[in-house]
Amino acid sequence: MLTLNSDVKYIKGVGEKRAELFHKLGIFCVKDLVEYYPRAYQDWSAAAKAADCENGAQVSIKATMIKPVREHMVRRGMTLYKCSFSDGDTIINVTIFNNKYLANSLKLYEDYILFGKLEKRLTSAEMSSPQIEKAESNIKIHPVYPATDRLNSKAIAKVARTALEALPEFEETLPKEIRDKYRLAPLDFAIRQIHFPDSRENAIIARKRLIFEELLVLQLGLLKLKSKKKTKTNIRIKTDFTREFYSLLPFEPTGAQRRAIADCIADMQSEYPMNRLIQGDVGSGKTAVAAGIIYTAVKNGYQAALMAPTEILANQHFGTLSPMLSASGIRVELLTGSTPAKEKREIKRRLMDGEIDLIIGTHAIIQNDVEFKELGLVITDEQHRFGVNQRASLALKGEEVHTLVMSATPIPRTLALMIYGDLDISVLDELPPGRQPVRTDVVNSSYRRRIYDFIKKAIARGEQAYIVCPLVDGEEPTMASAEKYAEKLANGAFYGYNIGILHGKMKPKAKDEIMRAFAEGSVKVLVSTTVIEVGVDVPNATIMVIENAERFGLSQLHQLRGRVGRGNAGSYCILISDSEGDSAQERLQIMKKYSDGFKIADEDLKQRGPGDFFGSRQHGLPDLKIADMLGDIETLKICRACADEILAKDEKLDLEKHRAIADKISDMFRNSVSN
């Protein structure tokens, strides 16, 4: 009998070899398949006449096959199958590419539904590789799944249908009073209709139920995490050394920095461990805040740890904090994957013996063999790059330690309070004086030659430039890809210049090496994907060029712009876009108008709705299967209120009616992984 825990290979029609194709989609068991929801639907229910359809439209046409299949071999590995259909008024000539099975299944004078792009001619019409099914098929709305070349959506749908037919009724997870109050469909109905809806209305009803449950589980989980952290701690700061720390600084902290440090010190003086998020715009001075908190923690006799997502960022923090803190007797060390083995062993020994006050590093500092003598404070930088589990692993190095996480992505406060339900929040909403404004211009590709000349003049002055592309390699002809772009520059406009390339498919060591070369100045122009949006501080970089700028979210563009303007020279951000759409141009003009990341974040929410605000992962939160953190913002608010109500009546979710939802929470947060 098939169950949700059954291996996907045991579904009829799958087997060992095909199961490997499902594994590439992250589908290992039946439950994974059930939660692999369609990304869209094709409505085949309204069969139209070809004459009534718009040219180039995706249509569904009921037609009779009137000419048999003729095979044409174009070249080795490419065979075309041509045949003709009639809808009673128009002859539709169909071409099928490399699908012998489909071609052989078609029968003369039988009725079929053709679904695809219709190209109208003077007296006939054409369809290239349409989907074809027998007219008597009772499937009117077809699910469209994220697919691969070797496992298409139709194949996934067939296996999903087989699995759902074999599975018993899904046990309900939400109490009846919640379903009634929020008008939610039963779980069994929702799961079956989300995959194979009888109507578009049913698909909407199913989505509403599944999105609600997922966001409710998320909110309950985060609130429970926060309540768990209300365990009392023995690590309490007795003396506040903030004033002494300020006297060591060569600059005057902003009011926002002072408030954030005060928030953290107050947390660490209370009987409960600090669990706070510091959210600051690009260049708002989060590192100085971290230094102030570390200073007081260490002066009270505790060790501190700061974890960064990359070696280059860890090195940057070490380069900033070590001179600042070492002058006052605080012992600082760096531990990353590149640290030589002998040195690693010595650092680990000194940490255990309490001879190191602050350790800065990558995930290397959460390895099992890293132990502390008196860990009191844990800080994770760019926290959305780490999963909940990685943050927890570092915190578990001590007993009820104080935890601070930092993020440079501005998020409207009301949204942040719901997303980071397990954290208190401090916002750095002021920029330190002296920060250079970045001039932003929006141009089309006809300016590219002038931009290259502008970059060359900057290089002659000893400055550097970034050029950001949306793709790694040439997957789309209309979009710039980093690899081809860098090659073209190196062989053309920037021949003889040292051009670097950086993208997410490179190994971490290679990425660190190229960023180090750029930071040191040997690479003059860095062609990159968005991997540079967070992190490295290169004061010498004064120009940021972003190709196909309309393809990025406003908040992402703001993060990229924040890579320049970090030195004393004037800096520039040039957004290149050939998009003629009003909405795309309006969004890019917002970048020219505003420099405040929080204002841009608000505009991003208004403009894009369910846009790429968080990217594919939700800032270290558990991965969501169907809900969208922004597109479903209203549901998120409702679920937060619902979660508060549930926990007010049943804090530990011990009641029988809440057992299933408690299991869902455990499952969601157990599977939370890092980016």
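Which residue in E19 is the bridge partner of Tyr466? In this predicted model, that partner is Leu526, and the paragraphs below place the pair in its surroundings.

## Basis of the description

The model is predicted, so that local features need pLDDT of at least 70 and side-chain atom pairs count only at pLDDT 80 or more, whereas totals for chains, interfaces and linings use all residues. Residues are numbered from 1 along each chain as its sequence is written, and side-chain values use heavy atoms, with hydrogens and water left out.

## Strand E19 and its partners

Helices (H or I, at least four residues) and strands (E, at least two) are DSSP runs numbered from the N terminus, and two strands pair if DSSP finds at least two bridges between them. Strand E17 (residues 464–468) pairs with E19 in the parallel sense over four bridges, and strand E18 (residues 499–502) also pairs with E19 in the parallel sense, over four bridges. Leu526 is the bridge partner of Gly500 as well as of Tyr466. From E18 the chain crosses through helix H17 (residues 508–520) to E19 in a right-handed β-α-β crossover (clockwise from the first strand over the helix to the second, with the strands pointing away from the viewer).

In a regular strand the side chains alternate between the two faces of the sheet. Both faces of strand E19 (residues 525–528) are covered, with Val525 and Val527 buried on one side and Leu526 and Ser528 buried on the other (buried means under 20% relative accessible area, with a 1.4 Å probe and protein chains only).

## The seven-stranded sheet

An open sheet of seven strands, with parallel pairing, has the order E11-E12-E10-E13-E14-E9-E15. Its edge strands, each pairing on one side only, are E11 (332–335) and E15 (424–428). Within the sheet, E10 (residues 303–307) and E13 (residues 375–380) pair over five bridges, and Leu306 stands opposite Ile379 in E13.

## Nonpolar cores

A nonpolar core is a set of buried Ala, Val, Leu, Ile, Met, Phe, Trp, Tyr and Cys residues joined through side-chain atoms within 4.5 Å. The largest has 65 residues, and those with the most contacts inside it are Ile11, Phe22, Phe212 and Leu216. Among the elements that give two or more residues to this core are helix H4 (153–166), helix H7 (200–228) and helix H21 (633–649), and H7 provides the largest share, 13 residues.

Leaving aside neighbours within four places in sequence, Leu216 is in contact (heavy atoms within 4.5 Å) with Leu174, Cys639, Cys642, Ala643 and Ile646. A second, separate core of 55 residues includes Met274, Leu334, Ile360 and Leu428.

Terms used:
Buried < 20%, exposed > 50% of the residue type's maximum accessible area, 1.4 Å probe, protein only.
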